[in-house]
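The sequence and the structure come first, followed by the description.

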Amino acid sequence: MGITEPEHLHQHFTSAFNSGDLDAVMKLYEADAALAPQPGQVTRGLSANRQALQQFMALKGRIDIKTVYVIRAGDLALLRGEWRLIGTGPDNKPVEMNGKNVEVARRQPNGGWLFAIDHPYGAT
């Protein structure tokens, strides 16, 4: 069934990301999900989203997400959070990134919840 409550998506994302498990991160997204890895850029689908998220994970850092709220409407949920990522850049210098994220999650036919839209900078 997967994640039974949309309120748990941030926690599962954080756990998968921090363990370096890109496959587990990707299992949190619908196959045709939209992701905005940078302001003004949108990727769609598992392959493009995997490439975009792989760039964040290449920092080999730790991400923390504080869930600000979750609003449900039937089989949809709007999530809002604040995140901070501390890692190491390709030049071996420390990198710190942060943002205010917005996501839309959808209940799947099996009852689990997945991200349909993910905008890490959507509330900035």
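## A buried threonine

Thr 14 is buried, its relative accessible area being 14% (buried is under 20%, exposed over 50% and partly exposed in between, with a 1.4 Å probe and protein chains only). Thr 14 sits in helix H1 (helices, H or I of at least four residues, and strands, E of at least two, are DSSP runs numbered from the N terminus). Leaving aside residues up to four places away in sequence, Thr 14 touches Ile 63 and Ile 65 (contact means heavy atoms within 4.5 Å).

## Basis of the model

The model is predicted, with local features requiring pLDDT of at least 70 and side-chain atom pairs counted only at pLDDT 80 or more, while totals for chains, interfaces and linings use all residues. Residues are numbered from 1 along each chain as its sequence is written, and side-chain values use heavy atoms, with hydrogens and water left out.

## The sheet

Six strands form an open sheet with mixed pairing, in the order E2-E1-E6-E5-E4-E3 (two strands pair if DSSP finds at least two bridges between them). Strand E2 (41-44) and strand E3 (62-73) are at the edges with a single partner strand each, so one side of each has no neighbour in the sheet. On average, neighbouring strands are turned by 25° against each other, direction ignored (axes are lines fitted to C-alpha atoms, for helices over the stretch in contact, and angles run from 0 to 180 degrees between N-to-C directions).

E3 and E4 pair in the antiparallel sense over eleven bridges, and Ile 63 has Leu 85 in E4 as its bridge partner. These two strands form a hairpin with two residues between them, where Gly 74 in the turn has a positive phi of about 65°. Strand E4 (residues 76-88) also pairs with strand E5 (residues 94-107), again antiparallel, over 13 bridges. Within E5, Val 104 is the bridge partner of Leu 78, and Asn 98 is that of Arg 84. The hairpin of E4 and E5 has five residues between the strands, and Asn 92 takes a positive phi near 65° there.

Pro 94 belongs to strand E5 and is exposed, with a relative accessible area of 74%. Its C-alpha atom is 9.4 Å from that of Gly 61, which is 33 residues apart from it along the chain.

## Helices and core

Helix H1 (residues 9-18) packs on the sheet and touches strand E1 (29-38), E3, E4, E5 and strand E6 (113-119); its direction makes about 160° with that of E3. Helix H3 (residues 46-57) lies across E1, E2, E4 and E5, at about 45° to E1.

The largest nonpolar core has 26 residues, of which Leu 9, Phe 13, Phe 17, Val 25, Tyr 29 and Leu 53 touch the most other members (such a core is a set of buried Ala, Val, Leu, Ile, Met, Phe, Trp, Tyr and Cys residues joined through side-chain atoms within 4.5 Å). At least two residues of this core come from each of H1, helix H2 (22-26), E1, H3, E4 and E6. Beyond four places in sequence, the contacts of Leu 9 are Ile 3, Leu 28, Leu 79, Ala 105, Trp 113 and Phe 115.

## The cavity

The model has one cavity of 30 Å³ or more (on a 1 Å grid over the protein atoms alone, a set of points where a 1.4 Å probe fits but cannot get out; lining residues have an atom within 4 Å of a point). The largest cavity holds about 210 Å³, a volume being the space filled by probe spheres set on points joined across faces, edges and corners. Its lining comprises 17 residues, with Phe 13, Ile 63, Trp 83, Asp 118 and Pro 120 nearest the centre. H1, E1, H3, E3, E4, E5 and E6 each give at least two residues to that lining.

Methods
On a 1 Å grid over the protein atoms alone, a cavity is a set of points where a 1.4 Å probe fits but cannot get out, and a pocket is an open set with protein on both sides within 12 Å along at least five of seven lines; lining residues have an atom within 4 Å of a point.
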